[in-house]
Amino acid sequence: IKWTEGRGWHDAELVPYAPLSLDPANMTLHYAQTIFEGLKAYRQPDGGVATFRPDANARRFQASARRLGMPELPVETFIAACDALVTQDKAWVPNSGEASLYLRPFMFASEVGLGVKPANEYLFLVIASPAGAYFPGGVKPVSVWLSEEYVRATPGGTGAAKTGGNYAASLVAQAQAAEQGCDQVVWLDAIERRWIEEMGGMNLYFVYGNRIVTPELTGSLLPGITRDSLLTIAADLGYEVSEGRISVEEWQGATEDGTLTEVFACGTAAVITPVGRVKSARANWTVADGEPGEVTMKLRKALLDIQTGAGADTHGWMHPLG
Ligand code: PMP
């Protein structure tokens, strides 16, 4: 779908996957006005297909657009575009379980010209790819690297938007995590370099027995849709769940005194993954016994049951395509 200043959204079309040709002076290549989303379509027990909370992705896409000075795509147009692609590609939706069809809606400036200002033309697209189960061999805890050298986002910056620049800024820290033998980077706040924000591509949850805390939305971390869903599901399951501030010292100290019983990360790709080991320039510790915890696995099952249709969709989160 195209957007042009003065005309709005126009020329929606469904076409076979193909490369785009870009002018060397395309504004996105220079000024990075680019936003995206990620969501999944799951096969349902009746053979149909349903996406998970596409309205939430549509609203986050609008928020990202506002932050990047881009036009907002109406929620219903975002959902209709995803529906059209999934309907066309229904045969590519895996037949069962945690496997899914991953959808990647995105928008970028399509105007040609050098000059730092919001563009007058944009292109919105959705592409799709089948995605296997994230843990085909069973859920395995990840290890994380606390990045103290780099920050992902600052107050007033673009951290809460799903925009390419945030990911570009994270690449060297992610490479550093890999050099340290860790799977993922964990970001701290930019000011005190002390408060836990999120992981490279997931939000974090800290479990203290029956009490569960996730870092509050400070404006510099992504408001994950999985994170938001788990606030509700955890409360449904009787846990005392809240948003708050967790410092590195708290993470390490509560691990040592045994009050922190589990830590897990959540996002569209892996749904929920346990965090087993934490490493920083100054410390290295194992979360509880380093194995997937009971609360983590219970929440994982509850959310996946909703997504795959194995459990009741009590919050009306599934969007069926018939
Ligand atoms: N934080 C970051 C930086 C991410 O890229 C993602 C993945 N979109 C998340 C958190 C989790 O968000 P969601 O649950 O909406 O996938």
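This is a predicted model: local features need pLDDT of at least 70, side-chain atom pairs count only at pLDDT 80 or more; totals for chains, interfaces and linings use all residues.
Reader: Which residues of α2 are buried?
Author: The buried residues in α2 are Pro54, Asn57, Ala58, Arg60, Phe61, Ser64 and Ala65. They cover an arc of only 165° around the axis, and therefore they sit on the same side of α2.

Reader: Why do residues three or four places apart point the same way in an α-helix?
Author: An α-helix has 3.6 residues a turn, so residues three or four places apart point the same way.

Reader: What about α8, how far apart are its end C-alpha atoms?
Author: The end C-alpha atoms of helix α8 (residues 294-308) are 21 Å apart, and this agrees with the 21 Å that its 15 residues should span at 1.5 Å a residue. The buried residues in α8 are Val295, Thr296, Leu299, Arg300, Leu303, Ile306, Gln307 and Thr308.

Reader: Which residue comes just after α8 with a positive phi?
Author: That is Gly309, whose phi is about 85°.

Reader: Where else is phi positive, say in a residue other than glycine?
Author: Ala288 is one of them, with a phi near 45°, and it is found in the loop between β16 (284-286) and α8. Ala288 is partly exposed, because 18 other C-beta atoms lie within 10 Å. Arg193 also has a positive phi, of about 50°, although it is not a glycine.

Reader: Where does Arg193 lie, and is it buried, exposed or partly exposed?
Author: Arg193 lies in the loop between β9 (184-188) and β10 (196-199), and with 14 C-beta neighbours inside 10 Å it counts as partly exposed.

Reader: Changing topic, which residues are around the ligand?
Author: The residues around the ligand are Gly38, Glu198, Gly201, Met202, Asn203, Leu222, Gly224, Ile225, Thr226, Arg227, Gly267 and Thr268. They divide into three nonpolar, seven polar and two charged residues.

Reader: Which helix gives the most to that shell?
Author: Helix α6 (residues 225-236) gives the most to the shell around the ligand, with three residues.

Reader: Can we stay with Asn203 for a moment; where is its place, and why does it count as buried?
Author: The place of Asn203 is in strand β11 (residues 203-208). Asn203 counts as buried because it has 23 C-beta neighbours inside 10 Å, where 20 or more are needed for that label.

Reader: What does Asn203 touch?
Author: Leaving out residues up to four places away in sequence, Asn203 touches Glu198, Thr214, Gly224, Thr226, Arg227, Ala265, Cys266 and Gly267.

Reader: What about Thr259, where is its place and what does it touch?
Author: Thr259 has its place in the loop between α7 and β14 (262-267), and it counts as exposed, with 12 C-beta neighbours inside 10 Å. Not counting residues up to four places away in sequence, Thr259 touches Tyr208 and Ala254.

Reader: Stepping back, how many helices and strands are in the chain?
Author: There are eight helices and 17 strands in the chain. The radius of gyration is 20 Å, close to the 20 Å that the globule rule gives for 322 residues, so the chain is as compact as a globular protein of that length.

Reader: What share of the residues is buried, and what do the contacts show about residues 24 or more positions apart?
Author: Buried residues make up 40% of the 322 residues in the chain. Of the contacts in the chain with a separation of 6 or more, 70% are between residues 24 or more positions apart.

Terms used
Residues are numbered from 1 along each chain as its sequence is written. A residue is near a molecule or strand if its C-beta atom, placed from the backbone, lies within 6 Å of it. Helices (H or I, at least four residues) and strands (E, at least two) are DSSP runs, numbered from the N terminus. Ala, Val, Leu, Ile, Met, Phe, Trp, Tyr, Cys and Pro count as nonpolar, Asp, Glu, Lys and Arg as charged, and the others, Gly among them, as polar. Two residues are in contact if their C-beta atoms, placed from the backbone, lie within 7 Å. The radius of gyration is taken over C-alpha atoms; the globule rule is 2.2 Å times the number of residues to the power 0.38. The expected span of a helix is 1.5 Å times one less than its number of residues. The arc is that of the directions from the helix axis to the C-beta atoms.
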